[in-house]
Amino acid sequence: MGKSSSKKRAAGPHDAGDDESARGRLLSAATYLFCKNGINATGIDAIINEAGTAKTTLYKLFGSKNNLVHVVLETEGKQWREWFIGAVEAGGGSPQAKLARIFPALKDWFRQERFYGCPFINAVGEHDKDQKQLRAIAMRHKKVVLGYIEKLAGEMGAAEPHMLAHQLGLLMDGAIVAAMVSRDPAVADTAGLVAVSLFVPSKPKKPKRAESAGEQLAAV
């Protein structure tokens with residue numbers, strides 16, 4: 001056998017590629033298992049078995065299960081937002097037309113075989129309600145989604161874009177939970193009907209009162 005060196009070998013391109021591949025498999029496996037079975041019910045062994053990696057690889061790349069949970073939620077949130085905004089923007093049209101696409105898009109999501117509800121609602125729901133880190137991640141996600149909806153509501157001319165965004169957000173959350181429990185994608189249709197009834201533009205401004213002939217003369 002050759003003489004071992006005390007110096008750590010520098011990682012080459014192949015090592016980086018291996019790590020990236022393993023990271024992707026671990027994230028995919030953890031996302032699937034966390035969503036399907038729950039975070040607390042999913043152990044490290046189940047994740048590495050699903051991913052086909054070693055336990056040491058998981059700890060090398062993420063440090064702990066807790067860190068892996070956070071990365072999964074951040075990654076899943078980013079991917080969901082990209083999908084959601086893309087689905088709402090698809091086909092263009094008026095801001096109202098885009099807002100009307102929210103619930104048909106959710107219905108498509110609810111139809112998927114691997115629809116297990118919202119990862120953020122599930123994560124906060126199964127943990128200590130004083131757990132601040134998961135709640136903070138969930139709120140960051142919700143803030144981006146509501147901000148996008150509020151922007152569309154403002155462009156539509158809603159009287160209170162902020163309020164409309166929160167109303168639609170509540171309908172979305174309710175539909176997601178109802179679809180998860182009932183396994184019925186059609187709950188999105190019911191929520192969509194309620195949503196359309198909220199698309200009321202702001203009241204038109206009253207035209208400026210025309211000055212009388214006397215007022216016009218007095219102003220000269």
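This is a predicted model: local features need pLDDT of at least 70, side-chain atom pairs count only at pLDDT 80 or more; totals for chains, interfaces and linings use all residues.

Colleague: How is a pair of aromatic rings described?

Modeller: In general, you give the distance of the centres and the angle of the planes. Here, rings of Phe, Tyr and Trp (its six-membered ring) pair if their centres lie within 6.5 Å; planes under 30 degrees apart count as stacked, over 60 as edge-to-face and the rest as tilted. Take Y32 and Y116: their centres are 6.4 Å apart with 55° between the planes, a tilted pair.

Colleague: Where do Y32 and Y116 sit in the chain?

Modeller: Y32 is in helix α1 (residues 13-37) and Y116 is in the loop between α6 (102-111) and α7, so to speak distant parts of the chain, 84 residues apart. Helices (H or I, at least four residues) and strands (E, at least two) are DSSP runs, numbered from the N terminus.

Colleague: Are Y32 and Y116 buried or exposed?

Modeller: Both are buried. Buried means under 20% relative accessible area, exposed over 50%, and partly exposed in between (1.4 Å probe, protein chains only).

Colleague: Which aromatic residues form one cluster?

Modeller: W80, W83, F84, W109, F110, F115 and Y148 do.

Colleague: And how does α6 sit, mostly covered or mostly open?

Modeller: Mostly covered: seven of its ten residues are buried. They are I102, F103, A105, L106, K107, W109 and F110. The cover includes α4, α5 (95-99), α8 (132-156), α9 (161-182) and α10 (187-196).

**Salt bridges**

Colleague: How many salt bridges does the structure hold?

Modeller: Eight. The idea is a side-chain nitrogen of Lys or Arg within 4 Å of a carboxyl oxygen of Asp or Glu. In one of them, the side chains of E74 and R140 meet at 2.6 Å, N to O. E74 lies in helix α4 and R140 in helix α8, so this pair ties together parts that are 66 residues apart in sequence.

Colleague: Why do E74 and R140 count as partly exposed?

Modeller: Because of their relative accessibility: E74 is at 37%, and R140 is at 46%.

Colleague: What about the salt bridge of K142 and D173?

Modeller: Their side chains meet at 2.7 Å, N to O. K142 belongs to helix α8 and D173 to helix α9, so the link joins parts 31 residues apart in sequence. K142 is partly exposed at 28%, and D173 is partly exposed at 23%.

Colleague: And which residue does E89 meet?

Modeller: K98, in a salt bridge of 2.9 Å, N to O. E89 is partly exposed, at 29% relative accessibility, whereas K98 counts as buried at 14%.

**Surface and whole chain**

Colleague: Which residues make a nonpolar surface patch?

Modeller: I121, V177 and V181 make one of about 230 Å². Patches are made of residues with over 30% relative accessible area and no salt bridge: like charges are joined within 9 Å, nonpolar side chains (Val, Leu, Ile, Met, Phe, Trp, Tyr) within 5 Å. I121 sits in helix α7 (residues 119-126) and is partly exposed, at 32%.

Colleague: How many helices and strands are there in the chain?

Modeller: Eleven helices and zero strands. Of the 220 residues in the chain, 35% are buried.

Methods: Residues are numbered from 1 along each chain as its sequence is written. Side-chain values use heavy atoms; hydrogens and water are left out. Accessible areas come from the Shrake-Rupley method with a 1.4 Å probe; for residues, only the protein chains shown count as cover. Contact means heavy atoms within 4.5 Å.
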